[in-house]
Structure formats: structure tokens, C-alpha cells
Amino acid sequence: MWSLNVSIPQGIVRAIEEIAPVSGGWEEIVEEPTLVIKRFEKEDLDGHIESEIKFLLENVEPFTVEIGNLEMFEVADRGTSPVLYIEVKSIGMKLIHETLVSVFGCVKGVEGENYIPHITIARGSGVKNIDFSDFSGPTWWTAKTLEFWDGDKRKKKNQVMLDKNK
Amino acid sequence: MGLDKESNECGNINKNLEKGRKKRISYMSTVVGGMIAGIVGASAITLLIVSVMDKRVGNKSILPASIFVSKYIGTGEADEYLNQGILLSIIYGSLMGGIVATILPIISMTIVNVLVWGVLVGLIVGIIGDKIGMEIVLGMKMDWVWEGKLVIQSRIKFMVVNIIYGIIVTGILIYEIV
């Protein structure tokens, strides 16, 4: 499984790390938070899907991403439940997601109508009443870089620079 | 974020994604473009083999595709299947052109790029043709002699026509003629 993600600024990653340990009793705390626009189940052996995505995004300019509230998926479609996440609001992410779904199809359960842009911070059971007012990071940013993320190896494969498109 | 700014951003992204969609469609169409380029390239080298290179040797041209027709489809000798061989060569060249179009990276329109990529593509197509097409499928071995040999007998002539094919196909693709 690989995905096209929005690169999360370091200030937000640090702020997430600060609140994650105090999230209390969760089984898995995510070490490298990611913000997924579109997942791909089929392997892209010759890089053609990546090339096609780059064509699609060739004219897309940087867009705004806003941090929302701390929320919970009681039952996750994949992996351990429940999932503690930070809700994200972004018209840009939604529009790119819809376009990519219309071109490449949708991963069942988590995409299309079910797509909720979010940053997962912890999984498994844990303290549910968490005070999110401690979040010290910026509440919005301009997404200038998207990255192709290898979900199995947990590392970035490649990136798309949107600020070149201005 | 204000409503005006949000709707502005939404309009811009939608418009730019639409541009991207069109670009993607044109990228997909390069497969068809590659097949057309392959037809042009294959026609050119077939004409070169039949009318120039083989004619200078024995006035009787035998294409690898004619040997294929003779061996696997027909009952006569390969030289009786020149027209069928020409047709099959062009179909093969068209399919190879389609494959080249999907593999060829997006590169700038320069003669140097056409020559470098053309020679590389021609050599790869030639080596595949030699090792798989000639040796395995047709059971024929070529040598390196140029003089007095038909294209199907001389590896160096065979490679030269494949390089010409590569240059024509990559030239058409790089300059986006189709």
C-alpha cells in the first residue's frame, strides 16, 4: 500500500509529539504522522501512476490546510480500533482526492464519500477525554509539497512541489 | 479562512485539476502516437531493406517477418511472402512503437536527445529482435559481415536498420509530431 500525502510541517509534527504521550494509555502512538490524500493498493512498479499523478497536479497551486478538533474513529476500517486523530479541513485535499478517485478508483471503506482528511496520532484503547487546547502548533498552513509515501517501509518515495506551479 | 478566499481557492484548484486531466489524456494518447510513429519507422526501414540494402546484394529481399510467415503460417519459401512480411513487419514495428512511447521519459525537444535516445531504443529493439526474434523464434544466427549479405544475414546491417527505426520513432515522439 502506498499513498499520496500532504507533507506536514515540522512545527505541527512537534506539537503532535508533545500531545501524543499525554494521550494516555493508547496501544500505538504514531511516530511519523501522515496526512493522506489518496491511497493506492496496486503497486506502481514502473512509476507510471506517479507520472500520471504528476501530470494531473502539474498546474495545482499550493492550498490551505486547517487543523480541526481531536476526534475518534470508534471502529477503523483497517488496523487497531479505536483511532485517535486530528481532524483536518482542506478544500484542496478534498478536490484532489475526488479527482484522483475518479481517475484511479477508490479504496473501499476509507475513500470517496467516506474520505475524512485526518492525522492519526494513536490507536487502540486509551483515555478518551483529552484536552486538545494544549496543542501548541500552528492551526493552519499552506501545503506546498505533496509526497508519495511507501506505507510498508514507512518512508517517503518521491515528492511533488506545488510552489513550482504558481 | 474566509468564504471568498475558500471559494477562490476551490475554483483555482478545480480549474488547474481540469488542465491536469487534459494533460494526462494527452499523455495516454502517446501510446497511440507511439504506434503511429512505429508504423512510420517500420515502413521506412522496410522500404530501405527491400529497395536499397537487400537489392544491392541479390535483388531478392527476405524480411524476418517473411521467414516467420513461411515457417509458422504458410507452406512456401520465405521469398514468396514479401508482401505478407512487409505487413507483419509494420504491425510489429507499430507495437514496438507503442511500447517505446510508454517507456520513453519526457525529455526536451533537441536533436541530441533524438539521436541519443534513438540509438539506445534502436539498439534495444535490435538486440531483442536478434536474440529473441531471429535466434529463438526463427532459429537463425546472423554474423558480423557487412559485404554481400542480406539484412537477415548480417547482424551489423540488422542493427543499423533498427537504429534508424529507433531514431525515427523517438524523433516523432520527442517532437510530438503525432
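User: What makes the group around Val6(A), Ile37(A), Ile96(A), Ile119(A) and Ile121(A) a nonpolar core?

Analyst: A nonpolar core is a set of buried Ala, Val, Leu, Ile, Met, Phe, Trp, Tyr and Cys residues joined through C-beta atoms within 7 Å. A residue is buried if 20 or more other C-beta atoms, placed from the backbone, lie within 10 Å of its own, exposed if 12 or fewer, and partly exposed in between. The largest such set here has 39 residues, and the five you name have the most contacts inside it. Helix α3 (residues 91-104) of chain A gives the most to this core, with 5 residues. Apart from it lies another core, of 34 residues, including Ala65(B), Ile67(B), Ile152(B) and Tyr165(B). In soluble globular proteins, nonpolar side chains tend to be buried together.

A word on the model: it is predicted, so local features need pLDDT of at least 70 and side-chain atom pairs count only at pLDDT 80 or more, while totals for chains, interfaces and linings use all residues. Residues are numbered from 1 along each chain as its sequence is written, with chains lettered from A and ligands numbered from 1 in the order in which they are written.

User: Which residues is Ile96(A) in contact with, leaving aside its neighbours within four places in sequence?

Analyst: Two residues are in contact if their C-beta atoms, placed from the backbone, lie within 7 Å. By that rule Ile96(A) is in contact with Ile37(A), Val60(A) and Leu17(B).

User: How many residues of chain A are in contact with chain B, and which element gives the most to that side?

Analyst: There are 16 in chain A, in contact with 15 residues of chain B. α3(A) gives the most, with 5 residues. By class, that side of chain A has 8 nonpolar, 4 polar and 4 charged residues. Here Ala, Val, Leu, Ile, Met, Phe, Trp, Tyr, Cys and Pro count as nonpolar, Asp, Glu, Lys and Arg as charged, and the others, Gly among them, as polar.

User: How many helices and strands does chain A have?

Analyst: Chain A has 3 helices and 9 strands, where helices (H or I, at least four residues) and strands (E, at least two) are DSSP runs, numbered from the N terminus. Buried residues make up 31% of its 166 residues.

User: Why is Ser125(A) called exposed?

Analyst: Ser125(A) has 12 C-beta neighbours inside 10 Å, so it counts as exposed. Ser125(A) lies in the loop between β6 (118-123) and β7 (140-143) of chain A. Leaving aside neighbours within four places in sequence, Ser125(A) is in contact with Glu27(A) and Pro82(A).

User: What makes α3(B) roughly perpendicular to α4(B)?

Analyst: The axes of α3 (residues 64-73) and α4 (residues 82-103) of chain B cross at roughly 115° and come within 7 Å. That angle makes α3(B) roughly perpendicular to α4(B): angles under 35 degrees count as roughly parallel, over 145 as roughly antiparallel, 65 to 115 as roughly perpendicular and the rest as oblique. Axes are lines fitted to C-alpha atoms, for helices over the stretch in contact, and angles run from 0 to 180 degrees between N-to-C directions. The residues of this contact divide into 6 nonpolar, 4 polar and no charged.

User: And why are α5(B) and α6(B) called oblique?

Analyst: The axes of α5 (residues 111-137) and α6 (residues 155-174) of chain B come within 6 Å and cross at roughly 135°. α5(B) and α6(B) are therefore oblique to each other. Their contact has 15 nonpolar, 9 polar and 2 charged residues.
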